[in-house]
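Hi,

Here is the structure I promised to pass on.

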Amino acid sequence: MKLGYARVSTVGQDLETQQEKLLSVGVVSDNLFIEKKTGTTTRNRKALQELIKHSREGDIVYITKIDRLARSIIDLNNVMGEFLQKGVTVVFIDNNMTFGADVESNPMQKLLFNVLGAFAEFERDMIVNRTTEGKIRAKQAGKKLGRKGQPEEQIKKAIQLMDNRDTNKLSVSDIVKMTGVPKATIYKKISSKID
């Protein structure tokens with residue numbers, strides 16, 4: 001079965017061109033999966049998830065361009081992996097690329113797919129490096145990393161309320177709501193007091 005996927009990032013963008021191309025390769029309108037979502041991640045893209053779920057072994061999924069499926073090479077690799085694992089062939093019309101379900105038996109496809117995988121790993125490593133460098137610069141600039149802690153007076157108030165639960169009849173949830181101090185912080189402070 002021929003299936004098609006079209007996506008635009010904003011309401012102002014036009015889906016018609018993508019739809020026309022998908023229909024011209026033989027995808028019937030009932031088999032079009034269309035959505036208006038940003039392409040920065042494949043999470044929360046319902047039409048794409050439906051397409052993956054709906055596709056079966058032997059199906060061919062047509063997409064106009066690679067960036068309509070995913071902007072991140074990691075997401076692209078993950079989605080392609082899901083399709084190929086199910087035995088689904090993916091065709092990128094404008095990019096003139098076909099990834100068949102028989103990727104293992106086709107040396108050129110295997111090479112292209114492995115190149116995508118290598119780029120995915122490279123991109124992930126670059127992100128990790130940039131994040132690490134950013135943390136080092138922030139520390140050198142004297143910035144504190146991590147979540148901002150609770151004010152000490154609120155923590156003391158929460159512990160006092162916990163210590164007097166026999167008389168004040170407050171639950172732990174009540175104390176959390178009243179003071180804004182997370183339950184984990186309260187218990188951590190109480191256990192360190194006991195130690």
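Ile63 stands opposite Phe92 in strand β4 (helices, H or I with at least four residues, and strands, E with at least two, are DSSP runs numbered from the N terminus). One caution before going on: this is a predicted model, where local features need pLDDT of at least 70 and side-chain atom pairs count only at pLDDT 80 or more, while totals for chains, interfaces and linings use all residues. Residues are numbered from 1 along each chain as its sequence is written, and side-chain values use heavy atoms, with hydrogens and water left out.

Back to the strands. β3 (residues 60-63) and β4 (residues 89-92) run parallel and are joined by four bridges; two strands count as paired if DSSP finds at least two bridges between them.

Now zoom out. Which order do the five strands take? It is β2-β1-β3-β4-β5, in an open sheet with mixed pairing. β2 (32-36) and β5 (97-99) are at the edges with a single partner strand each, so one side of each has no neighbour in the sheet. On average, neighbouring strands are turned by 15° against each other, direction ignored.

Two helices go with this sheet. Helix α1 (residues 16-24) packs on it, touching β1, β2 and β3, and its direction makes about 170° with that of β1. Helix α2 lies across β1, β2 and β3 as well, at about 160° to β2. (Axes are lines fitted to C-alpha atoms, for helices over the stretch in contact, and angles run from 0 to 180 degrees between N-to-C directions; contact means heavy atoms within 4.5 Å.)

Then look at Asp59, in the loop between α2 (46-54) and β3. Asp59 is buried yet has no salt bridge, and the nearest side chain of opposite charge, Arg56, is 6.4 Å away. Buried means under 20% relative accessible area, exposed over 50%, and partly exposed in between (1.4 Å probe, protein chains only). A salt bridge needs a side-chain nitrogen of Lys or Arg within 4 Å of a carboxyl oxygen of Asp or Glu. For charge, Lys and Arg count as positive and Asp and Glu as negative, with His and the chain ends not counted. What Asp59 does have is the backbone nitrogen of Met1, 3.2 Å from a polar atom of its side chain.

Cheers

Definitions and conventions:
A polar contact is a pair of N or O atoms within 3.5 Å; within protein, one must be able to donate a hydrogen and the other to accept it, and residues adjacent in sequence count only if both atoms are side-chain atoms.
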